[in-house]
Each structure stands twice: as structure tokens, then as C-alpha cells.
Amino acid sequence: MKERAVQNSSRLALYHLWIAFGVFLPAVALGAWQMPMRSPLPAPLDDTNAYYTSVTLHGTAMAYAVTTFFAMGFGYAVTATSLGRPVRGIIAAWIGFVICLIGTVMAVVIVLIGRATVLYTFYPPLLASPWYYFGALLLIGGSMIWVVLMIYNMLIWKRDNPGQPVPLAMFAITATAILWAWAASGVIIELLFVLIPQALGITTRIDVGLGRTLFTVTLHAVVYFWLMPAYIAYYTLAPEAAGGRLYSDTAGRLTFIMLLVFSVPVGLHHVFQDPDIGAGFKFLQSFLTFFVALPTLLTVFSICASLEIAGRARGGRGLLGWLWALPWQEPMVLAVALSLVMLGLGGFGGFINMSYAMNQMVHNTTWVTAHFHLIWGGAVVTMYFAIAYEIWPRITGRPLRSKELARWQLWLWFAGMLIVTIPWHITGLMGMPRRVAAFDYSDPFVAPMGPLVIISAIGGLILLVSAILLIAILVRSHFGEGQLQAPLRYAIAVNPPRAIPASLNGFALWNAILLVLMVFAYGYPIGQFLFLKSSVPAYEVTHTATSGAGP
Amino acid sequence: MADSITNPLGRPVSDGIIPEEEISRTENQWLTVMLSMLGVMMAIIVVTGATQALHPPSNVETIDPTTLHLGGEFAESNLGTAAEPDGSVTVRMIGEQYSFVPQCVQVPVDTPVKFRITSTDVIHGFLLPATNVNTMVVPGFVAEVRTAFSRPGIYESWHVGPGQSRAEGAIPQLESS
Amino acid sequence: MPIDDTHHVAAGRSEHVVAPIGPDETAQALRNGPIGALVVAAIAVALLFMGWMAFYFFLFLPRGPVG
Amino acid sequence: MMAREQDISETYNPWPKIGWATTAGIVVVSAVLGFGLLDRYQQAGPTLSVWSAICRGLGISSDTESTAEPQPTLRTPTRIAWTNATLDQIKAGDAKHGAFVTLVCTACHGEHGISQSALYPTLAGMDAATVYKQLDDFRSGKRSWGAMNAIAQALSLHDSADAAVYFAAQPDSLPALTGDRAPESGRSLRQSDPAKRLIFAGAPERGIPPCSACHGPGGYKLGAPALQGQQANYIEEQLLAFAQGMRQNDVFEQMRIIARQLTSDENAVAAFYAAPVGAPRVVGIPSR
């Protein structure tokens, strides 16, 4: 009976992860097609309409579907393994899975038939078919079941194990779930009160400023929702794979707490150039954004220290000799290094973006696209790959086939992502806007950007090859032969936690602080739309312009 | 759970080897250095921001986008460059699907310039490469950017209408002379 | 020092926790502190900081004042 | 990071104090710097008092238009604005009554609005908002063309709406502008045919958007007519009228700016629209 429950938890995780990677491959293919499309190179099916449909699909798939399914699957796996017992509420979890899947299919189909070319950030007053919004709502709303289950599983474990520290991995995935609930509140409110009423024709005008401001609540925090599974791997899986120990359990807990507290009340830094928010609040959230860097800066040191322990234990000597002594043949170890390099480069771009007035230099240019591709498409997905390579053998009971291919895949992804994003940074500084399908490269102003865009298009192809390799490895490992009995194991800290302060073993305090910060940072910027008369007509992206029915 | 809590190595894991205090001290030192670095960056932003009056464009001013052409500030005949009594100039522009109006405006060098731009329909982006002029043009609001051009030249701006599922990229020109 | 066995693992079941190296090896690895990690992290962050300064003063400010 | 107190069961918990103190510090410092300091200094403007700076920071004292400055003579292209009231009025049009109102139109625009003459546009299937706007522009003199001004002046607003709705509802006519999203190669700047390139990709270096973005196929803009199936000669004449400034009822000069810049080989857009690709239909023969 218990065995079956464990299997059920594993299957639950595996289904989620397969959906995530199953969506990932076509989404990468769309991205790879967009690259030559906007370059001077010839492109198959060169239709600018199709470009925007593709961008919408790529963004919706990557930002909502891949990440949410991955986080949910990883969350169930972490719950079962770190708590050492089956996931409680397994039926609800499966219901959530089905709801999210239906939502994803709905959104994708509506985009494919051209009824929702509004990009994943929705862009009011552009208006998509209500079914697209319902799809997004189902996907995001369905994942709230997961949020509740993560919190519930942590709480009943604490009840069953009074006084014991919640395992770091469980603590962290619960932080991820709580963050997602806070983050999703913005987009859910936008969908329910701004977009869907308009799409259904209940309201006649749409408040663009309100919609955008609500979406920023989601916009930055969602990135940290994507990021946190990667950080969980940094802290709990990587030191084990490297053969060492986690330097500090407390640093891990503080990191996840800071990520939770500081990544939500900062979203306005995505709309520094919007005319609908006062400069005071823009500075305020810029200031808060600086604190978001803190957990990452702490993590960089903490993970380096953990790897140093492993390297020295393996015979590394001298100041940096431990680096060469690390087991680089392990995909997880390699992935951490590649991921941290991309996190550093992407983080640098982030520092530029968040620096208040300096944002003007790069806003709306390909610099920003490069930044978030390095962070999410680089640092984060690389860790998703590594997590998959750790989890697949544990769930399927078959060895990874093979570690060498996995290393190739990781290196290809790393190379491809750098080749894509370094030219984008440069063209961004040259003033090349993002979200533009076609450039006239005969224009003397645009011409110098041509070679850079061509280079990045080559990077796109490398990424596609890497994504195909990923799926090949996962399929081979899933259906391969051989038996393996090894549970997913987490690193132990140098000083394993024994009794820790209540505030580092739960989230009540931090949720209260976050609530105060949210009221401070967002209370007025959202509240102002109650008295600003700023509603405008909506623009349906698909019109049937007969019988005088206006937008 | 207690039955399962045995040491994975079969012997007790002591936490007395590296005192937790030492780890905490190292981490606190690292965090202090990091906070100082962030503090220096923030100080630079605040000092330069105050001395040079740098802000993101943030004029929270509403306007009805449907009736712009019927009269008022953004009527057709009022668009373009206008000289102000104090010697500065104001440039009024419209962003619409799928261009900016007027397409070419001239402004003097080393003179305070105030761009006032609004949209008749959806969100547009207005940016002048090689300058810091960059704003979103959101329907229902007047975007205002104040700057001055120190170099004469032709600045091409981009018309970025995100996700309108149509080809974009019309380039109005801005000449400063 | 008495060890409270119910408190010292980071996961709820022992098979899910691993300590690839024992306490003695850990102590040996850290006998000089995480000095290598500090060097690597400091170099990375220093590059970040200098890059930021360069961007702010040599790219952003020369592009003209905007408010 | 506090060291753990190992021998007491209730672990010392400094975090509420640290957390709340940090929060308070962040709130105070960021508010003072943002509202009290940075917002006092304005680009090319006087330094504000603290109170004004706070208002400015909130966005409640926006820099609104100064009324004192001299303004050029007001010129407006039309009286129509796409307010909800206008759209509701058009939507309320009665096609039955429209059929009666439009009897006068048939002489030039053909039976049921399908023009037989190269001089006159086909109206059947045209978006009702477009017909309504043009009728009002003729009525107000914003657009001038022969008998149309007198005819439009004879129509009430209601009649205009009825006529517009009637024409929009006619079958076998200009195809309705819908979200045509079937992707097709060649709808980009890579297109070598200059007319097709202009229609589907525009001419970014001249600031010309693609025709199809507003006039179809695959695009729509409120107030812009569908062109597929329109009389080629009529399209050419209108482009000429826009280019020469004879026609000025396009809002914000959208068509005037474009038409002025068109080259002779790009005038083939008219021919393209008159014979739509992939939708073979005989222009000029009314079919029931």
C-alpha cells in the first residue's frame, strides 16, 4: 500500500516533468525559427503575422507552461523524497495536473488559430479571445492546488515532527509555492477584473494602466518562481553530486526567505518607462530591487564554498586547485558551473536594468530580451536539465543514457545561449527594439546590426540541437534497460540543523513582512486607478468588421 | 519518524568540527561587503539623479485617446515642434497604428526639449537610439520626456507596437540642428 | 557533546540524505576557511561592480540627461 | 546570522526583530530618497518644495498643458471620433431602412453597392463604421467629391447609420476584414515584388506601414475600408488625392503621409487589391 503511494508520487512528478519538457522542445523550435525571421537571412514561412503568433506561443509556453509544470513536478518529487513519505493529497494533485493541462491546451490552440496574438504579457488594450484568458486562468489557477498542497505537506510534517527543522529542500519548495501564490495574485486579478470582463463584453473600456500595474506584480516574481527550483538544486543537489557538503543550511534558508520577501514588491521596475506610474514609486521599487540581488550574491558565495569543500576533499590543493578536482563528469556539477556563469552575465544585465534612470538606456531593446534569456533560458533551464538528469533515473529505475550525452547537451546549450544573447546585448545598446518582426537591413542605420543578428540566429540553431538532444536523452533513459535503486538524495550541511529558530522553519513572519512591503510599494500605484480616468477602448486582435460592430 | 533518523554514514554527524559561529561570521562578512557594494551603487544613482535631475519619464497625466484629433493639444495642426516663451521647445507627437505623427521633427541643439507623446490606440514604444530618450506611449496617458540634445544629427526613432501581429518598424526621424 | 539523533538530518528519512564526506574530511577541507570560494566569488562580483560603474559613467550618463 | 543556541529547546529567535527593523529601514530610506530628495529636482525646471516633490512623486501634480502659449489655427480632419456613443449609433442602424435610403446610391455605386464603374467605389461589404464616417465627412465638407456632399447633407445621422449597416451586410462583395492568420511565405520585407512588399511588410525606412495592417487581408483598423475587390482606378485616384492634399479627411494624416511617398511601381498596390490573390472573383458583375 505504501509502496504504491510512493510510486504514485513518482508518477505524479514524472508526468508533470514530461509535460514541461514536451512543451519545451516545440517552444525552442519556435524561438529558433524567429531568429532567422528577424535577421537578414532567408527564413521559411516568412510572414510577419506568423512571427507575432510565434512570439506569443513561445512566451506563453516557456513562461507559463514549461515553468509551472516543472515547478509542480519537481515540488512533488521534493516533497516525497525530502520528507521521506508519499505526497499527501495525491488526488487533488492529479486534479490540479488535469486542470493545468486543459488550460495549457486551450491557450495554445487559441494562439495557434490566431485569436490571441497578444504576447504572454497580454498587452492591453490588445484583446484576445476570452478562451485564451480562460486557458491562462486555468493553468495558473490549477497550479494553486499545488501551492496549497506544498504548504499542507510542510505543515502536517511539522505537526508530525514537532521541533524538527523542515528539510531545506522542502522549506525551499514551500517558499517557491508561497512566492508563486503572491506572484500569481497580480495576473489573476488582471484576468478576472480587467481582461476577461472586457473580452466577454461586460465592460466597454479597459484600464490599461491598471492592467499593466497588476501584471507587474506577477512579472518579476514569476521569474523568481522559475528560478527557485534551480536554487534548490544549487543548495541541496549540487553539493551531493560534487561529493561534498552544503556550507551552510542557514544561508540556504535565508536565501529562500529573501527571495520570497524581495521579489514581489519590485515589479514596477519592469515599467520604469510607463507614463502611468509616479517617479516616487519607481525609485522606491528600484531601491527594493537592489535587495533582490542580495540572496543571489549570498548564494554565489555559499555554493562556491560548498563546491570548495567537495574539491578539497577530492584532493584539490591551493587557492583554486579545488576547482579542477571537482567531478566535472557529473552533469549536475557541470550544470552548476555553466548556470552560475550565465547567472553572472544575466545578473549584470539585471543590475543595469534595475538602476532607476539607467533603465532608459536599454528599455524595450534587445538588451532586455538578452537579459531574461540568460537568466531563464540560461541559468535556470540549465539547472532544470540537470535536475531532470538526477530525477529521471531515480523515478524510472533506469540509468541515465548517458552522462556523456548529457554533458554535450549542457555545453551546447551554454554555447548556444551565449551566441544568442551576447549579440542581443550589443544590438540593444545600439537601439534595436525588441518585439519587432521585420527590420529593413538596407537602412544604413539598421545595416550594422545585420551581422550581429545573423550570429545570434546561428546560436538559435545550436539551442534547437541541444533541446532535441535533451529529449533524446530523456526518452532513452526512460525506455532504456538496466535496473537502478537509488533514491533522490540531498546534501547534508557542514553543520546539519538541529534546532533552529521558528522564523527559519516557517513563513508566518515573512508573509507578514511581505504584506507590509506590498501595501507600501503597490497600495498607491494600484489604488490610483480608482480615481484616474484612464480607461480606453480595447483592440481585439481579431476582428470581424461587419455590421458596424466596433471594438 | 525517529526510527528512520540514523546517520547515513553509520556514525554520528558531529556539528562541532567547524563551529557554526565561524560559518556565520564568514557569511556575515560576505553579506556586509555585498551590502556595501549595493550601497555604493545606490548612492551613485541617488547623487547623480539629484544633481542631474534624472528620472524615468513619469508624468501621470490622463487623456481620452478617442477624441485627440477633434481639437486640443494633440489636434493635427498642433503636432510637431513648438517654441515656448522661455526659449525651450515642446515636441508633440502621436503614436498610432502604425506610425508616429509627425514623421520628422526638428529641434535645436543645447535647448531644453520636452516631448509630449500620446497614443490613439494601443501601446507604443518611443526610443531614440544613442540617447536616453525612451518611453512607453500608453493610450489614456500623455508620456512626457524632458531632455536636451548636445550633438547635432539625425536621430532615428523606432516605432514599437508590441504584439500587434503586424509588421512594425516605421522610423520617424528627429533632426536636431 | 551529546548528539540528539532526531535533529541532525536535513531530510525526513535517512536514505534521502547523503554525506559523501565525513566530519573529519569536512574539517580538513575547511581548515583554512572557504578561502578559495571567497576569491572566486569576490572576483565575479568585482567584475560585475566594475562593469556596472563603467556602464553608468561611460555609457549611460554621456547619452544625455532625461527626466 | 545568529549562532544557534544549542541547549535550550525554545531556540532564541532574533528574526522578527531583524526582519521588522530592516523593513522599517527600507521603507523610511526609500521613501525619503525617492519622494523627499530625487523628485525635488526636475529636468529644465525649478527645484520643487518637499510637498510639491511628494505630489510629483505620486503623480498627482502632472505637468499638464500650459494654456498660455499661442496655438496655430485648429485644423481637424473629421468630426467623427470612435467614441462608444458613435459606435452605438452605427450599431443601431437598420439595414431594412438602409435598403430604402440607399436607392439613391445605385446609380453610381451599382445595385446593392457593387460598383460597375471604375470611377466609383464598391460599397457592398464595406465596414459600416467606414461608410458612416465618410458620409459624415461629406456632410461636413471635410471630404469633397461632386454630388456626394449634397447627397450626404440630405441624410440624417440615422439614415447614414442605416445605409452603412445595409452596405456592410451585402453578400458577394468586399470580403469582411477578419483575423486572417493563415501564414504565407513572402509576407515580409524579403518579398521582391515592390507592391506585395508594401502591402505585407510596408517600407520601414520611409515610415510606411504595410497596407494590409489596416486594409486587409489579415488586418483591420476601425474606420479603414477593406480594399480587396475594390475598383483599381478608384484606389489609384484616392492615393493621388491624398498625395496632392486634395483629400484630407484621414485622421492624423495617415494616408497623406504614405501616399506622398509612394513610387510609381508601388502604385501597383491598386491592381493587387483589385484582383485579390487566392480569392478569384469577377469584379464588376453583380451576382445574387
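User: How much accessible surface does chain D have, and what share belongs to carbon and sulfur atoms?
Analyst: This is a predicted model, and in it the accessible surface of chain D comes to about 13100 Å². Carbon and sulfur atoms hold 60% of that surface.

User: And how much of chain D counts as buried?
Analyst: Chain D has 288 residues, and 51% of them count as buried.

User: What share of the chain D contacts link residues 24 or more positions apart?
Analyst: Taking the contacts in chain D with a separation of 6 or more, 62% are between residues 24 or more positions apart.

User: Switching to chains A and B. How many residues are in contact there?
Analyst: On the chain B side 63 residues are in contact, and they meet 77 residues of chain A. Between them the two chains bury about 5800 Å², with 69% of that area on carbon and sulfur atoms.

User: How many salt bridges are there between chain B and chain A?
Analyst: The count is one salt bridge. B:Asp64 pairs with A:Arg205 in a salt bridge, and their closest N and O atoms are 3.2 Å apart.

User: What about polar contacts between chain B and chain A?
Analyst: Ten residue pairs are in polar contact between chain B and chain A, counting pairs with both residues at pLDDT 80 or more.

User: Which parts of chain B supply the side that touches chain A?
Analyst: Helix 1 (20-51), strand 6 (124-127), strand 7 (134-137), strand 8 (142-147) and strand 10 (158-160) of chain B each give at least two residues to that side. Helix 1 of chain B has the largest share, with 14 residues.

User: And by residue class?
Analyst: The side of chain B that touches chain A has 35 nonpolar, 20 polar and eight charged residues.

User: Let's talk salt bridges overall. How many over all chains?
Analyst: Searching the whole structure gives 25 salt bridges over all chains. One of the pairs is A:Asp160 with A:Arg85, at 2.8 Å from N to O.

User: Where do those two sit in chain A?
Analyst: They link distant parts of the chain, 75 residues apart. A:Asp160 is in helix 4 (residues 130-160), while A:Arg85 is in the loop between helix 2 (48-82) and helix 3 (90-112).

User: Why does A:Arg85 count as buried?
Analyst: A:Arg85 counts as buried because its relative accessibility is 9%, and the cut-off for buried is under 20%.

User: Now B:Glu76: which chain D arginine is 3.4 Å from it in a salt bridge?
Analyst: That is D:Arg75, with the 3.4 Å taken between the closest N and O atoms. The pair crosses between chains: B:Glu76 is in the loop between helix 1 and strand 1 (80-83) of chain B, and D:Arg75 is in the loop between helix 2 (50-58) and helix 3 (84-91) of chain D. B:Glu76 is buried with a relative accessible area of 5%, whereas D:Arg75 is partly exposed at 39%.

User: Where is D:Arg256, which also pairs with B:Glu76?
Analyst: D:Arg256 is in helix 12 (residues 254-261) of chain D. Its side chain meets that of B:Glu76 in a salt bridge at 3.2 Å, N to O. Both B:Glu76 and D:Arg256 are buried.

User: Last one: which chain B residues are linked in a network of salt bridges?
Analyst: The network links B:Glu61, B:Glu73, B:Arg92, B:Arg116, B:Glu144 and B:Arg146.

Key: Residues numbered from 1 in each chain as written. Chains lettered and ligands numbered in written order. Predicted model: local features only at pLDDT ≥ 70, side-chain atom pairs only at ≥ 80, totals over all residues. Heavy atoms only, no water. Contact = heavy atoms within 4.5 Å. Buried area = accessible area lost by both parts, 1.4 Å probe. Salt bridge = Lys/Arg side-chain N within 4 Å of Asp/Glu carboxyl O. Polar contact = N/O pair within 3.5 Å; in protein donor to acceptor, adjacent residues only side chain to side chain. Helix = DSSP H or I, 4+ residues; strand = E, 2+ residues; numbered from the N terminus. Nonpolar A, V, L, I, M, F, W, Y, C, P; charged D, E, K, R; others polar. Buried < 20%, exposed > 50% of the residue type's maximum accessible area, 1.4 Å probe, protein only. Areas by Shrake-Rupley, 256 points an atom, 1.4 Å probe, with all protein chains shown as cover.
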